[in-house]
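Let's take a walk through a protein model together. Have the sequence and the 3D view open, and follow along as we go from one spot to the next.

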Amino acid sequence: MTQPVHVGMAEMVVSRHPATLITLGLGSCIGLVIFDQISRTAGMVHIMLPDSRDVKNNPKPGKFADTAVPLLLDELQRLGANKSQLRAKMAGGAQMFSIPGKDSAIFSVGNRNVEATLKHLSAEGVKLVASDTGGSKGRSVEFSTETMKFIVKTLGSGIKEL
Amino acid sequence: MDHASEFTSIHMDAIREVSNIGTGNAATALSKLLGRMVDMDVPVAELVPIYEVAAHYGLPETPVCAVLVRTEGEFSCSLIFMIDEENADVLADLVIPMDVSGMDEETKLQIRNSALSEQGNIIIGAFLNALSQITGWVMPNTTPAVARDMLGSIMDLVASMFGVIGDSAMLVKTSLHVKDLDYELGGTVIMIPDPGALEALLSKLGVL
């Protein structure tokens, strides 16, 4: 296995094979991987919020679902990926806290992240082939271009391979 | 307002002082609850890029327990009391009047979480009371919510909450330490103001 590359908050990393991309401790954020099995290219982005339209300047396109998805596709195509071959896997979007009787937008940010990411993937015509989203638990994720598998770890309930 | 560009040292001092009083009150409340001495560190107020929030508190995969309480009104914010999971159970057991060690995991977890949510509630409630006395604002608080998870995942949410406003987080780090135990037992209070709330507070304190 190659030395894993950490994808920090709001960061985006794209790479040709061989590469291992990881993000530790996703909560309400989304770990989105888009890959092309033929050209063996893959990229991961750590999306924090659904929509960039409320902010004046957006120095980190990876922060928002609406800017992260198109940019990730551009970057992958620049590396030689074929858009029609691109597939996506995602994890995250948990609701870490719930207060009885409170349905605050602050707590449902995870859900809104999932919805926005799905919407932008679908708008770009990228097929989501696996996902592990929602719930109340945080996740660590790892993606390897060797296997094109997405490994999702949750504290207390073990490891899933997507 | 983008925090990084517009907060001055006077603002930081004001926030630190408010936190100092808030944490002092919280330490007293916890001390009364436990019947033990509780020390506190002098609070540190720092502007941190939201992308570094998790690293600021420790390793991302460390298991922690966090209690979150919100206040909504003239000053709206979320407050989190966070403690390493191992320490959390020791803290919980200090107020549970029976031996839970022999119970099944699920029951034990529920009893401990219940104790922790009440301890978090008392600590954060005391913090808010102090803030309320300084500002004259009424600060009703919600019932507490407890999460046990990776530090990174809790901070992921904290960073997102700050991320709605800008790219930096005003982190007030204050630690409480319970004395007379075999080892150090400490937790951290984190205040996450809603958009505009920090400005309202600074304005009320007469420094903005």
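Predicted model: local features only at pLDDT ≥ 70, side-chain atom pairs only at ≥ 80, totals over all residues.

Begin at the place where chain A and chain B come together: 34 residues of chain B are in contact with 31 residues of chain A. Putting the chains together buries about 2,600 Å² between them, and carbon and sulfur atoms give 66% of that area. Now click on B:Tyr51, B:Asp156 and B:Leu157. On the chain B side, these residues lose the most area to chain A, and together they make up 24% of what that side buries.

So much for area; what about specific pairs of atoms? There is one salt bridge across the interface of chain B and chain A. To find it, look for the side chains of B:Asp167 and A:Lys63, where N and O sit 3.0 Å apart.

Which parts of chain B supply the side that touches chain A? Strand 3 (63-71), strand 5 (145-150) and helix 6 (151-163) of chain B each give two or more residues. Helix 6 of chain B has the largest share, with ten residues. Sort the residues on this side of chain B by type and you get 19 nonpolar, seven polar and eight charged.

Next, stay in chain B and find helix 4 (residues 85-95) and helix 5 (residues 105-135). Their axes come within 9 Å and cross at roughly 85°. Angles of 65 to 115 degrees count as roughly perpendicular, so that's how helix 4 and helix 5 of chain B lie to each other. Helix 4 of chain B reaches this contact with residues including B:Ala88, B:Leu91 and B:Val95, while helix 5 of chain B brings B:Arg112, B:Ala115, B:Leu116 and B:Gln119. The residues in this helix contact divide into six nonpolar, one polar and three charged.

Most residues other than glycine have a negative phi, and most peptide bonds are trans. With that in mind, look at A:His17 and A:Pro18: the peptide bond joining them is cis, with omega at about 0°. A:Pro18 sits in the loop between strand 2 (12-16) and strand 3 (20-26) of chain A. Then move along to A:Arg40, which isn't a glycine but has a positive phi of about 55°. You'll find A:Arg40 in a loop too, between strand 4 (30-36) and strand 5 (41-47) of chain A.

Conventions
Residues numbered from 1 in each chain as written. Chains lettered and ligands numbered in written order. Heavy atoms only, no water. Contact = heavy atoms within 4.5 Å. Buried area = accessible area lost by both parts, 1.4 Å probe. Salt bridge = Lys/Arg side-chain N within 4 Å of Asp/Glu carboxyl O. Helix = DSSP H or I, 4+ residues; strand = E, 2+ residues; numbered from the N terminus. Nonpolar A, V, L, I, M, F, W, Y, C, P; charged D, E, K, R; others polar. Axes fitted to C-alpha atoms, helices over the stretch in contact; angles between N-to-C directions. Parallel < 35°, antiparallel > 145°, perpendicular 65-115°, else oblique.
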